[in-house]
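Dear colleague,

I am passing on the structure we spoke about, together with some notes on what turned up in it. Please look through it alongside the text below.

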Amino acid sequence: MPERSPRGTYLRIADALRAEISGDSTMASLPSEADLMKEHDVARTTVKRALDVLAAEGLIRSQPGVGWLVVGAALKVPVLDQFAALVYELGVDADFPSEKELTETTGAARGTVRRALAQLEGAGVLEVRHGKGRRVRALPANHS
């Protein structure tokens with residue numbers, strides 16, 4: 001990133017993201033905060049300030065477990081709901097995909113994937129077999 005501008009780095013990032021959003025009508029979500037930090041070579045607080053500007057303008061909104069979504073774009077299904085649907089698809093006693101596979105297919109951060117898996121494990125839906133991965137133990141009770 002070039003020298004500090006009088007407008008502030010976070011405002012330049014917000015301007016760049018605003019232009020990207022308006023220039024791509026198919027854009028449903030923004031890159032992760034970590035990716036934006038790397039792309040603009042700034043700290044997380046700077047990225048967060050830029051995202052807060054766009055959120056205050058009503059262009060984006062945060063959805064827990066999903067990330068920053070462009071307002072008006074198709075909603076992404078939360079990771080936990082995606083996993084619950086996958087459990088139904090696979091059925092009881094099926095092997096469940098690895099964290100790496102789930103991270104790649106959902107595009108979610110590894111921490112988000114781990115939290116969703118922990119919820120399913122805590123609910124008795126998945127069981128961890130050390131050295132062998134996870135297996136579907138039961139179907140979720142509250143899946144619609």
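Why does aspartate 24 count as partly exposed? Aspartate 24 counts as partly exposed because its relative accessibility is 32%, where buried means under 20% relative accessible area, exposed means over 50%, and partly exposed lies in between (1.4 Å probe, protein chains only).

Before going further, please note that this is a predicted model, in which local features need pLDDT of at least 70 and side-chain atom pairs count only at pLDDT 80 or more, whereas totals for chains, interfaces and linings use all residues. Residues are numbered from 1 along each chain as its sequence is written, and side-chain values use heavy atoms, with hydrogens and water left out.

Overall architecture

The protein chain has six helices and five strands, taken as DSSP runs (H or I of at least four residues for helices, E of at least two for strands) and numbered from the N terminus. Along the sequence these elements follow the pattern α-α-α-β-β-α-β-α-α-β-β. Of the 144 residues of the protein chain, 33% count as buried.

Salt bridges

A search of the whole structure finds 11 salt bridges, each defined as a side-chain nitrogen of Lys or Arg within 4 Å of a carboxyl oxygen of Asp or Glu. In one of them the side chains of arginine 18 and aspartate 15 meet at 2.6 Å, N to O; because these two residues are three residues apart in helix 1, they are separated by about one helical turn. Arginine 18 counts as partly exposed at 25% relative accessibility, and aspartate 15 is partly exposed with a relative accessible area of 27%.

A salt bridge also joins the side chains of glutamate 99 and arginine 110 (3.9 Å, N to O). This pair links distant parts of the chain, with glutamate 99 in helix 5 (residues 99-106) and arginine 110 in helix 6 (residues 110-122), 11 residues apart. Glutamate 99 counts as buried at 17% relative accessibility, whereas arginine 110, at 36%, counts as partly exposed.

Within helix 5, glutamate 104 and lysine 100 are four residues apart and therefore separated by about one helical turn; their side chains meet in a salt bridge (3.9 Å, N to O), and both residues are exposed. Salt bridges that share partners join Glu99, Arg110, Arg114, Glu121 and Arg134 into one network.

Surface patches

Patches are made of residues with over 30% relative accessible area and no salt bridge, with like charges joined within 9 Å and nonpolar side chains (Val, Leu, Ile, Met, Phe, Trp, Tyr) within 5 Å. Accessible areas come from the Shrake-Rupley method with a 1.4 Å probe, and for residues only the protein chains shown count as cover. Lys and Arg count as positive and Asp and Glu as negative, with His and the chain ends not counted, and the place of a charge is taken as NZ of Lys, CZ of Arg, CG of Asp or CD of Glu.

On these terms, Glu20, Asp24, Asp35 and Glu39 form a negative surface patch; aspartate 24 is found in the loop between helix 1 (9-23) and helix 2 (33-40). A nonpolar surface patch of about 250 Å² is made by Tyr88, Val92 and Leu139. Valine 92 counts as partly exposed at 44% relative accessibility.

Loops

Aspartate 93 has a positive phi of about 75 degrees although it is not a glycine. Alanine 94 lies in the loop between helix 4 (79-90) and strand 3 (95-96) and is buried, with a relative accessible area of 16%. The C-alpha atoms of alanine 94 and arginine 137, which are 43 residues apart along the chain, are separated by 8.2 Å.

A positive phi, near 55 degrees, also belongs to aspartate 41, a residue other than glycine. Aspartate 41 has its place in the loop between helix 2 and helix 3 and counts as exposed, at 63% relative accessibility.
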